[in-house]
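Reader: I am new to this structure and would like to be walked through it. Could we begin with a term that will be needed?

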Amino acid sequence: MLQFTQFALTRALMAIFTLLLVSLIVFSLMEMVPGTCAERYLAFKNTQGQQISIDDIEAEERRLGLDKPFLQRWGNWVGNVFFRGEFGDSCILRLNINQLLGDKFLLSLGICLTSLIFAYLIAIPVGILSSASKSKWLNGSLRFVSYFGLAMPNFLLALMIMLFSTMVFGDTLSGLFSKEYRDAEWSIARVLDFLSHAWLPVFVLGWSATAFALQTVRALMLDESSKLYVTAAKARGLSGGKLLWRYPARHSLGPIINSLGFDLNRVFNELPIVAAILTLTEAGSLLLDSLARSNDQQLAGAIIFLLTASIVALNFITDIALAVVDPRVRRSVMGA
Amino acid sequence: MSSTPVIKAENLTIRFTTDEGLITAVENVNFEISAGEVLGLVGESGSGKSVTAKSLMLLNADNTVYDPDSKIWLYDGEHQIDVLALKKKNEHRQIRGGLISMIFQEPMASFAPAITVGNQMVEQLMLHTDLNKKQAANLSIEMLERVGIADAPQRFKQYAFEFSGGMRQRAMIAMALSTKPRLLIADEPTTALDVTIQAQVLELMQDLVKEFNMAILFITHDLGVIAQTADRVAVMYLGKLLETGPVRNVIRHPAHPYTQGLLRALPKLDDLDAELSPVPGDIPSPLERPNGCVFHTRCESAIAGRCDQILPVFTQIEPAHEAACLLLEDHPSANTGHATDEAPDGATL
């Protein structure tokens, strides 16, 4: 147990180190965007008809602390992010990023994680059973469903559901909240309203994630089932469910957990397109917007950092889970 | 009672249905093993040794077809069990790990990596005996000690990857013997081990056969190992037995050209300059089984027009030593008593 705590602590420290490294990269990228925040803001004012001088720019740079050396500015940024959870102001919109993002990032993350959890809750048992089943009908239809899920673009599925819903129920199913709750405080009614809307993006994202996970689980299971230790267990008299769950299923759990860590990123990348169609206000589309349209380096940096932090956190959790299910990982990292 | 063989294979013919048609893996093989006896089954990779061994426990894949007159008789001390006729799950279980245990070539790969060695041993005992968990654990630890694993109670709780190669194979032997099977199948159990460890494991197995009075089917491609281990040897090629007999006789006076070739291919420690002479050619694909004698395509003494057409039958060379080769049938001194051109009945060992 002591060893396990030690292992978890080491992993946590490594995760924090990774995050620091990521913050350095993100911050450097923000710096590499041509023009500073001061120049861009004043240029914006210029278009509004104000006269801007070099002195104005320098004064603005001093006010924003842009005259300080790079490392010091990075230190400040990281310090604010880590200790106060504060991302500073957006360059263009001149608004506090935390207020700007509000719940959006958490909502996006929630939608992605829920889709993933649903995907694996379905894919793990179905994949395991189908790998053990000899029914051509079952395996054929499962293969059809998963190829269908892999091949059909998410946005098309979203459009089809919206079209269907509009034609049958007269409701487009778009957005994350009904009008009356959009800007309301969180309450039970708002949560219920949110859930009644959020199932659609979860379903659309989860659909392809399930198809993907199903293929992964099935392939891992077939791989494990052909290993000698399964034959050896069979030769000792094990059969049926006991053989299946205790041997190949138990041993493919590790790689399945591993693949979960990669999947979050994939789902998050798919979210903006789905969000654009379902007119969700979420962080992914905000990121695209700030990167592509307004060139808002501060906002983009904040979102990229939050996304990486979520992936690092998920990887930390899967590392711990992996050590729990696989004694080889446990021993190798703890050097017992 | 001791005269009843533990296992007896009669006319064992095993085929696989594949997309390319029916493939014959084992053809018309006969053998029997009595309690306390070790039969060595020798042959190259692809000769059908493992398929034969697995058929005894019905462990071959689902596309396996046994010919209707193939029979495997397993004697449990009171009854003769017709193994190939067993259909029910609990009957399969009784054989697998109960009456017959198997040790595999790769000791690392034959333990499940994420389950402790002890748990896998206890699991098997709970399936096959009336012991409770505590008793099963005690017996397992006792068995680990018996095969020479130091600090057995501690080792019992460990995983296979924490064991060394030789220790894993010892643990495998301990697990295989814990249910006191009547037949132990050892499928190249020492191939993956160092030569020094190999000798220890072989010695251990020999001791245990005597102690437990088991029959052993020992599969290997290594005639050197057979010479140390087996009482009798059966040489297999492309799914057919070519020569059988007491191990000393077969090694000293190999009668079949294939056996002679295998022995010539062994390196000689007393003459290191002697060139190795491998058996020429490759084992043919099971899809293109040669007519006549299966070995004629690689045989240096093959007689054109005869060996590629006539199926040789077993000819007795000395007592209990037989080989299936047309050259022997022609040999004037050989006792060709039953060697006629009718369908071969094979030799009963």
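Author: Domain bounds here come from an automatic or database domain assignment. This is a predicted model, in which local features need pLDDT of at least 70 and side-chain atom pairs count only at pLDDT 80 or more, while totals for chains, interfaces and linings use all residues. Residues are numbered from 1 along each chain as its sequence is written, and chains are lettered from A and ligands numbered from 1 in the order in which they are written.

Reader: Which domains does the assignment give for chain B?

Author: The assignment gives domain 1 (7–230) and domain 2 (240–267 + 275–330) of chain B. The C-alpha centres of domain 1 of chain B and domain 2 of chain B are 28 Å apart. Their contact takes 16 residues from domain 1 of chain B and 11 residues from domain 2 of chain B; two residues are in contact if their C-beta atoms, placed from the backbone, lie within 7 Å.

Reader: And which element gives the most to the side of domain 1 that touches domain 2 in chain B?

Author: That is E2(B), with six residues. Strand E2 (21–33) and helix H8 (223–229) of chain B each supply at least two residues of that side. Helices (H or I, at least four residues) and strands (E, at least two) are DSSP runs, numbered from the N terminus. By class, the side of domain 1 of chain B that touches domain 2 of chain B has seven nonpolar, six polar and three charged residues. Here Ala, Val, Leu, Ile, Met, Phe, Trp, Tyr, Cys and Pro count as nonpolar, Asp, Glu, Lys and Arg as charged, and the others, Gly among them, as polar.

Reader: Let us turn to H4(B). Which of its residues are buried?

Author: In H4(B), the buried residues are B:Ala136, B:Ser140, B:Ile141, B:Met143 and B:Leu144. They lie on the same side of H4(B), because they cover an arc of only 160° around the axis, the arc being that of the directions from the helix axis to the C-beta atoms. A residue is buried if 20 or more other C-beta atoms lie within 10 Å of its own, exposed if 12 or fewer, and partly exposed in between, with C-beta atoms placed from the backbone.

Reader: What do those buried residues pack against?

Author: The buried residues of H4(B) pack against helix H3 (117–128), helix H5 (152–156) and helix H6 (165–178) of chain B. The face of H4(B) turned away from its buried side carries the exposed residues B:Lys134 and B:Glu142. After H4(B) comes B:Gly148, with a positive phi near 85°.

Reader: How many helices and strands are there in chain B?

Author: Chain B has 11 helices and 13 strands. Of its 349 residues, 47% are buried.

Reader: Lastly, which residues of H1(A) are buried?

Author: A:Ser23, A:Val26, A:Phe27 and A:Met30 are the buried residues of H1(A). They pack against helix H4 (70–84) and helix H13 (297–325) of chain A.
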